[in-house]
Amino acid sequence: MKKILPFVMMIIGIGFGVGGMIIKDIFFPPESPKIVYTERKPDEVGPVIEVGEITAILQGGGMVKTEIVLEGINKKSVETIESRLVFVRDSLLKILMGRSAGDINSTQGQEELKEEMLEILNEMCADSIHKVLFSSFIFSR
């Protein structure tokens, strides 16, 4: 008898658990899940403005040769950037000349360079630039 009692108690406990869940679902039916559909737009790319090739002598020796492309925020930004293209190229050249080969020899260094370029160019071009991109990037020490 003592061996059967724990087994009976377990069966009664399971019965109360299952019965409780069934009664709960009867008196408090579960809410139907709300499915929200959103239309995902593909990543839009802004207009692209080619700055062209820039070659600069680096601090401490070395040289960098790169082709830079700017992504504008909208079609109107093209006019703003192109009207200041000579100043944009000059600023990019100064930024590159202020770096050393050690500053730009890693991916992280190149990303920091892009961030600095973006910040300075957006000051010049009334926040018309979304990204600075390198279409080629060659440097030597």
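Helices (DSSP runs of H or I, at least four residues) and strands (runs of E, at least two) are numbered from the N terminus. Counted that way, this protein has five helices and three strands, and along the sequence they follow the pattern α-β-β-α-α-α-α-β.

A word on what you're looking at: this is a predicted model, where local features need pLDDT of at least 70, side-chain atom pairs count only at pLDDT 80 or more, and totals for chains, interfaces and linings use all residues. Residues are numbered from 1 along each chain as its sequence is written, and side-chain values use heavy atoms, with hydrogens and water left out.

**Overall shape**

How does the radius of gyration of the protein compare with that of a compact globule of 141 residues? The globule would come out near 14 Å, but the protein has 32 Å. (This radius is taken over C-alpha atoms, and the globule rule is 2.2 Å times the number of residues to the power 0.38.) Along the principal axes, the C-alpha atoms fill a box of roughly 95 × 40 × 20 Å.

**Inside the protein**

Let's sort residues by relative accessible area: buried is under 20%, exposed is over 50%, and partly exposed is in between, using a 1.4 Å probe and protein chains only. Buried residues make up 27% of the 141 residues.

A nonpolar core is a set of buried Ala, Val, Leu, Ile, Met, Phe, Trp, Tyr and Cys residues joined through side-chain atoms within 4.5 Å. The largest one here has 24 residues, and I68, L70, L92, L113 and M117 have the most contacts inside it. The elements giving two or more residues to this core are β1 (48–57), β2 (63–72), α2 (75–83), α3 (85–97), α4 (101–104), α5 (107–124) and β3 (129–140).

Take I68 and its contacts (heavy atoms within 4.5 Å). Leaving aside neighbours within four places in sequence, I68 touches I49, E50, V51, G52, I54, L92, M117, V132, L133 and F134. Across the protein, among contacts between residues at least 6 apart in sequence, 66% join residues at least 24 apart.

Most residues other than glycine have a negative phi. So which residues have a positive phi although they are not glycine? A126 and D127 do, and here they are:

| Residue | Phi | Loop | Relative accessible area |
|---|---|---|---|
| A126 | about 55 degrees | between α5 and β3 | 56% |
| D127 | about 50 degrees | between α5 and β3 | 54% |

A126 counts as exposed because its relative accessible area is 56%, and D127 is exposed too, at 54%.
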